[in-house]
Structure formats: C-alpha cells, structure tokens
Amino acid sequence: MKRIQQGFTLIELMIVIAIIGILAAIAIPQYQTYIAKTQVTRAMGEAGSLKTAIEGCVLAGKTALGNVASTDCDPQATGSSILTGGSQVTGYVLPAATGVPQVLPITIGATPTITATFGNAAAATLAGLFVVWTRDTTGTWICTSTVPGKYKPTGC
C-alpha cells in the first residue's frame, strides 16, 4: 500500500525554527547598527543645515541669538525627535520630546559651533553623544563627534 504524506514531520519543523532563530540572531544586531548609523547621519545633516544661517549671521555681524531685533541671528532650527536641547531663539516652542542643535557663540573673532546632542528617540547606544560642526577663522566648517567609529558617516 502507498502511504500519503500528511504534512511536515516534527524534525523538519524544528530545523526550520532553528534556521529562523540563527538568521534573527545575526540580523537584529546588524539592523540596530544600521539604525544608529542613519541617526548619526541624520543628526549631522540637521546640525549641518544650520551652517548657512550661522554663516550669514557671522558675515552680517549678528552676534545675538534671537528673532526679535533686526540684529538678532535666527538659526532657523527645526525640532528633531533624536536630539535634545531647547530652542535658543525666543518665541519658538518645540513640541514635546524634540530638541534642536545648540549654537555657541556667535561673536566676532570667535569660532561658532553647532552641537547636536543625541537623546529622546535616538538609539540607546547614542544617548548623550554628540556631533559638532565648528567654523574656523577661515570660514571652513569641520565636523567632529564623540560617536564610535562604526556609526560615523563619511565627512565627520
């Protein structure tokens, strides 16, 4: 008599489950590293987007952060869910659990810095670390960071 197969055997199911477990054990840490890398790149871009506004303030001689007087420098930062730091410009209220890059100082002869500090919804491995854009006296912006090398994007 012929025997008709009714489904998978227990050993076949156990092998499939073991293979899925091995793949998950490899994929989850790689995915978490990928998320952290993209968040560092995002923070670098968000802080870097303020360079143009700060450059304009430096060239115009605007040294005070704000948006009230015509001599105030408004860096035009927008809130980010992966950064900490309140708005330095009066009149702007950030949504809860958001932050903006911090700008210090904009004085004649000083080197302005834009600091993006990770927090809020950033990856746990990035919490408290930062990306800094610093302008030197020649007008060149340089990116530095406390982020581990495996997360750093090109150019920082």
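A: Let's start with a term: buried means under 20% relative accessible area, exposed means over 50%, and partly exposed is in between, using a 1.4 Å probe and protein chains only. Helices (H or I, at least four residues) and strands (E, at least two) are DSSP runs, numbered from the N terminus. This is a predicted model, so local features need pLDDT of at least 70 and side-chain atom pairs count only at pLDDT 80 or more, while totals for chains, interfaces and linings use all residues. Residues are numbered from 1 along each chain as its sequence is written, and side-chain values use heavy atoms, with hydrogens and water left out.

Now to the helix. α1 covers residues 10-48, 39 residues in total, and reaches 56 Å from its first C-alpha to its last. That's close to the 57 Å expected at 1.5 Å a residue, where the expected span is 1.5 Å times one less than the number of residues.

Which residues of α1 are buried? They are A36, Q39, V40, A43, M44, A47 and G48. These buried residues pack against α2 (51-60), β3 (83-84), β5 (113-118), β6 (130-135) and β7 (141-145).

That brings us to the nonpolar core, a set of buried Ala, Val, Leu, Ile, Met, Phe, Trp, Tyr and Cys residues joined through side-chain atoms within 4.5 Å. The largest one has 26 residues, and I114, F118, L126 and V147 have the most contacts inside it. Two or more residues come from each of α1, α2, β5, β6 and β7, and α1 gives the most, with five.

Contact means heavy atoms within 4.5 Å. Leaving aside neighbours within four places in sequence, I114 touches, among others, A47, L50, I54, V131, W133 and W141.

What about the strands beside the helix? Two strands pair if DSSP finds at least two bridges between them. β5 and β6 run antiparallel over five bridges, with A116 bridged to V131 in β6. β3 also joins β5 in the antiparallel sense, through two bridges, and L83 stands opposite F118 in β5.

Stepping back, the protein has two helices and seven strands. Its radius of gyration is 24 Å, well over the 15 Å that the globule rule gives for 156 residues, so the protein is more spread out than a compact globule. Here the radius is taken over C-alpha atoms, and the rule is 2.2 Å times the number of residues to the power 0.38. The C-alpha trace spans about 95 × 30 × 20 Å along its principal axes.
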